[in-house]
Amino acid sequence: MAPASLVALGDALADLVVAVRPEACARLGVAPGTADFLEFDALAEAVARLEREGARAVVSAGGSAANTCVAFVADGGRAALATPSMDDPLARAVRDDLAGRGVSVPVRTPGRGRTGRCLVLLLPDGERAFLIWQGERRRLRMLPDAVDACLADAGSCHGMLVEGYLLASEEGCAAARDALRRAVALGARRVLALSDPALVRTRRRRFAELLAAGVDVVLGNEAEATALTGTDDAEAAAAVLARHGMLGVVTLGARGALVHGPGGRHRVAAPGTPVTSALGAGDAFAGGFLSGLLSDLSPPECLALGVARARAVLTVRQARAPVPPEPARRP
């Protein structure tokens, strides 16, 4: 039997991980567990401010969809990342990292300019906050071509994943809608990862429009799922998605994860795991869960795979190993 195949859309970013105290999040205007989007110069100033205070950024390959692809491949699947890659040293380091992990990143013509990056504020309890510059605005015009390249390279597509961060802009939302339309013709499951609760709240109309256009699976944590559905808890949020014919998959942190869909409701507990960093845990869960789902495993088996993948990154400081720092000491 051929391995399950996933095509994912999203930005392959460079993560700049900095250990901070909670007051640093307050100074920089971002709440723990959420993300804020900045222009390049503002992000550079935030990094410089932390450096003046004695902090040091460790650079690693990142990006939500990219992290999910890494986990998907680790569970035996084939994954291709459709990303508007740039032709700069940092982008090449990120692509090399993905290729070394078995993720296909077919790039026909890299765009000129700087690749996107994410300042990760890592708190003592393992929680994190993100300040993100997604990259050159024109990069989004490259996404349809990147999807074409992925589909030509993959040969088959059992699932099409869109990361919610794309919905931060109208251009990204349009690219997401187009990709999910193409998934229908391929017979692939259409998957939306919610990505961030603050983004879901501020761009809820875009998320609702994408769901109305057709999504089969929604993945998110409890804060994201309740923000999307307007409910009070994860159980209610997943039930709302199930009533609309979708598979609602919600992670619950230390309480495990649940899925609710046409086949009923299932829940799995999370084993006690010391948390070094929550960075990439939700993405890893998504990769494990989807590897099971696209291989036609049962919902409990899919949940177990997701929890196992998440647990593997909770105990490390960075979900993926640092890349050579020379190109990216300053964003």
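Predicted model: local features only at pLDDT ≥ 70, side-chain atom pairs only at ≥ 80, totals over all residues.
Reader: Noted. How do strand E10 and E11 pair, and over how many bridges?
Author: Strand E10, residues 217-221, pairs with E11 in the parallel sense, and the pairing runs over five bridges.

Reader: And in which sense does E11 pair with strand E12?
Author: That pairing is antiparallel, with four bridges between E11 and strand E12, which covers residues 257-261. As one example, valine 249 stands opposite valine 259 in E12.

Reader: What do E11 and E12 form, and how many residues lie between them?
Author: E11 and E12 form a hairpin, and five residues lie between the two strands. Glycine 253 sits in the turn and has a positive phi of about 65°.

Reader: Is strand E11 mostly covered or mostly open?
Author: Strand E11, residues 247-251, is mostly covered, as five of its five residues are buried. Leu247, Val249 and Thr251 point one way from the strand, while Gly248 and Val250 point the other way. The residues on both sides are all buried.

Reader: Let us change topic. What is the strand order in the open sheet of five strands?
Author: The order is E3-E7-E6-E2-E4, and the pairing in this open sheet is mixed. E3 and E4 stand at the edges with a single partner strand each, so one side of each has no neighbour in the sheet. From one strand to the next, the twist averages 25°.

Reader: Which residues make up strand E2, and how many of them are buried?
Author: Strand E2 spans residues 13-19, and six of its seven residues are buried, which leaves the strand mostly covered.

Reader: How does E2 pair with strand E4 and with strand E6?
Author: With strand E4, residues 58-62, E2 pairs in the antiparallel sense over five bridges. One of the bridge pairs there is aspartate 15 with serine 60. With strand E6, residues 117-122, E2 runs parallel, and six bridges join the two. Here alanine 19 has leucine 122 as its bridge partner in E6.

Reader: What about E3 and E7: in which sense do they pair?
Author: E3 and E7 pair in the parallel sense, over three bridges. Alanine 35 stands opposite phenylalanine 130 in E7.

Reader: Which strands does H2 lie across?
Author: H2 lies across E2, E6 and E7, and it runs at about 35° to E6.

Reader: Turning to aromatic rings, what is the count of aromatic pairs?
Author: The count comes to three aromatic pairs.

Reader: Where do phenylalanine 40 and tryptophan 133 lie?
Author: Phenylalanine 40 lies in helix H2, residues 40-52, and tryptophan 133 in strand E7, residues 128-133, so the pair links parts that are 93 residues apart in sequence. Phenylalanine 40 counts as buried at 11% relative accessibility, and tryptophan 133 is buried at 6%.

Reader: What sits over the ring of phenylalanine 40?
Author: The charged end of arginine 114 sits over that ring, 3.6 Å from its centre.

Reader: One more topic: at what angle do helix H8 and helix H9 pack?
Author: Helix H8, residues 204-214, and helix H9, residues 222-229, pack at an angle of about 80°, with their axes 10 Å apart. H8 is therefore roughly perpendicular to H9. Arg204, Phe207 and Leu211 in H8 meet Ala227, Leu228 and Thr229 in H9.

Reader: Finally, what is the phi of serine 195, and where is that residue found?
Author: Serine 195 has a positive phi of about 80° although it is not a glycine. The residue is found in the loop between strand E9 and helix H7, and it counts as buried at 12% relative accessibility. Aspartate 296 also has a positive phi, of about 65°, without being a glycine. Aspartate 296 lies in the loop between helix H11 and helix H12 and is exposed, with a relative accessible area of 60%.

Key
Residues numbered from 1 in each chain as written. Heavy atoms only, no water. Phe/Tyr/Trp six-rings, centres within 6.5 Å; stacked < 30°, edge-to-face > 60°. Buried < 20%, exposed > 50% of the residue type's maximum accessible area, 1.4 Å probe, protein only. Lys NZ or Arg CZ within 6 Å of the ring centre and 35° of its normal. Pairing = 2+ DSSP bridges. Axes fitted to C-alpha atoms, helices over the stretch in contact; angles between N-to-C directions. Contact = heavy atoms within 4.5 Å. Parallel < 35°, antiparallel > 145°, perpendicular 65-115°, else oblique.
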